[in-house]
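Dear colleague,

Here is the structure for you to look through. My notes follow it.

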Amino acid sequence: MLNSYKKTSLVTIFIFTLIHGIALLAAYRYFSLEGMVLLVVTHALFCMSITVVYHRYLTHASFKAGPIMRFIMVTVANLAGEGAPLGWVTVHRDHHLHSDEPGKDPHTPDDGFWWSHMFWMTRRLPKDEWTLLCRHHSPKLCKDRYITFLSKTYIVWHIAAAFLFYWAGRFYAGHEMGMSFLIYGFFFRTMLVWHTTWLINSGTHIFGSRTYNTKGKDHSGNSLIIALITYGEGWHRNHHYDPTNARAGFLWYQIDMSYWVILCMKKMHLIYDVNDKIPAPPES
Ligand SMILES: [Zn+2]
Ligand SMILES: [Zn+2]
């Protein structure tokens with residue numbers, strides 16, 4: 001259980017400060033139209049790598065993929081800035097098991113909005129307890145050599161990605177554009193991806209309608225506004241009701257962009273065995 005967070009993670013606090021600081025301080029100086037386009041495209045790509053790959057695929061197994069597609073999807077999602085897959089999946093499974101239970105849910109807004117939004121990540125478990133938790137919640141992933149390799153090399157991938165953004169912009173139109181690509185494609189984008197996806201932990205457990213009955217103390221809700229911001233994850237009550245469903249939006253008006261991506265990949269035969277059967281309507 002993650003309720004026994006014991007230590008402060010200075011590394012997390014440093015990374016949060018670094019990304020927010022550089023993104024906000026340099027955004028005006030290095031603004032460019034190309035940088036903005038890059039921001040919009042990479043924001044969509046990396047947000048949905050979290051919602052589709054980390055969340056609906058790795059955590060809840062709502063569809064299957066062959067080894068090459070799995071490798072591509074996991075590699076992209078690992079670059080979203082949300083931690084390596086093993087830790088993400090473990091925490092999220094812990095959240096589903098203990099949704100909004102006092103002292104047990106790793107990020108319930110009952111402990112405060114900002115705690116559930118971001119500050120819960122500034123605490124960490126001792127290494128041996130963390131290893132046990134990963135083995136308990138994610139036994140298969142613990143044995144996956146590529147997944148454990150990503151955990152060990154996580155930061156290297158992000159430093160390489162930052163260089164790649166700079167050099168792509170520089171190659172395209174010189175040093176100023178390189179800096180614009182670095183700021184908007186890496187720093188500002190990471191900050192926005194964070195706050196977009198963090199809103200699922202904070203906002204959807206405060207706002208929205210509670211259409212379905214779910215287990216325990218869970219008070220997740222369905223919110224159109226949050227769904228529009230978070231590529232469909234705002235239909236969070238639906239998701240807690242039927243977590244292994246590839247859809248979060250069950251009804252025609254419940255816009256769910258992440259499911260559209262899953263549907264496209266299914267139609268292109270890139271993935272298979274998609275569990276997208278809409279559950280029975282709630283009892284009246
Ligand atoms: Zn939740
Ligand atoms: Zn989930």
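Subject: notes on the model

His-98 sits in the loop that runs from α4 (85-97) to α5 (113-117), where helices (H or I, at least four residues) and strands (E, at least two) are DSSP runs, numbered from the N terminus. This is a predicted model, in which local features need pLDDT of at least 70, side-chain atom pairs count only at pLDDT 80 or more, and totals for chains, interfaces and linings use all residues. Residues are numbered from 1 along each chain as its sequence is written, while chains are lettered from A and ligands numbered from 1 in the order in which they are written.

His-98 counts as buried because it has 20 C-beta neighbours inside 10 Å. The cut-offs are these: a residue is buried if 20 or more other C-beta atoms lie within 10 Å of its own, exposed if 12 or fewer, and partly exposed in between, with C-beta atoms placed from the backbone. Apart from neighbours within four places in sequence, His-98 is in contact with Lys-104 and Asp-105; two residues are in contact if their C-beta atoms, placed from the backbone, lie within 7 Å.

Overall

The protein has 12 helices and 4 strands. Its radius of gyration is 19 Å, close to the 19 Å that the globule rule gives for 284 residues, so the protein is as compact as a globular protein of that length. The radius is taken over C-alpha atoms, and the globule rule is 2.2 Å times the number of residues to the power 0.38. The C-alpha trace spans about 60 × 45 × 35 Å along its principal axes. Of the 284 residues, 40% count as buried. Among contacts between residues at least 6 apart in sequence, 66% join residues at least 24 apart.

Helix pairs

Two packed helices are described by the angle between their axes and the distance between the axes. Here the axes are lines fitted to C-alpha atoms, for helices over the stretch in contact, and angles run from 0 to 180 degrees between N-to-C directions.

The axes of α2 (residues 33-59) and α3 (residues 67-78) come within 9 Å and cross at roughly 120 degrees. That angle makes α2 oblique to α3, given that angles under 35 degrees count as roughly parallel, over 145 as roughly antiparallel, 65 to 115 as roughly perpendicular and the rest as oblique. The α2 side of the contact consists of Ser-49, Ile-50, Val-53, Tyr-54 and Tyr-57, and the α3 side of Met-73, Val-74, Val-76 and Ala-77. These residues divide into 8 nonpolar, 1 polar and no charged. In that count Ala, Val, Leu, Ile, Met, Phe, Trp, Tyr, Cys and Pro are nonpolar, Asp, Glu, Lys and Arg are charged, and the others, Gly among them, are polar.

For α8 (residues 145-173) and α9 (residues 175-202), the angle is about 140 degrees and the axes are 6 Å apart. Residues of α8 in this contact include Phe-165, Trp-167 and Arg-170, and those of α9 include His-175, Phe-181 and Gly-185. The contact of α8 with α9 divides into 12 nonpolar, 5 polar and 1 charged.

Gly-35 belongs to helix α2 and counts as buried because it has 22 C-beta neighbours inside 10 Å. Gly-35 and Ser-180 are 145 residues apart in sequence, yet their C-alpha atoms are 5.5 Å apart. Leaving out residues up to four places away in sequence, Gly-35 touches Tyr-30, Ser-180, Phe-181, Ile-183 and Tyr-184.

In α12 (residues 257-267), Met-257, Ser-258, Tyr-259 and Ile-262 are buried. The buried residues of α12 pack against α2.

Loop residues

His-269 lies in the loop between α12 and β4 (271-272). Although not a glycine, His-269 has a positive phi of about 60 degrees. With 9 C-beta neighbours inside 10 Å, it counts as exposed.

Ala-61, in the loop between α2 and β2 (64-65), is likewise not a glycine and has a positive phi of about 50 degrees. Ala-61 is partly exposed, with 14 other C-beta atoms within 10 Å.

Leu-125 is located between β3 (123-124) and α6 (127-137), in a loop. It counts as partly exposed, with 17 C-beta neighbours inside 10 Å. Leu-125 and Gly-87 are 38 residues apart along the chain, and their C-alpha atoms are separated by 12 Å.

Regards
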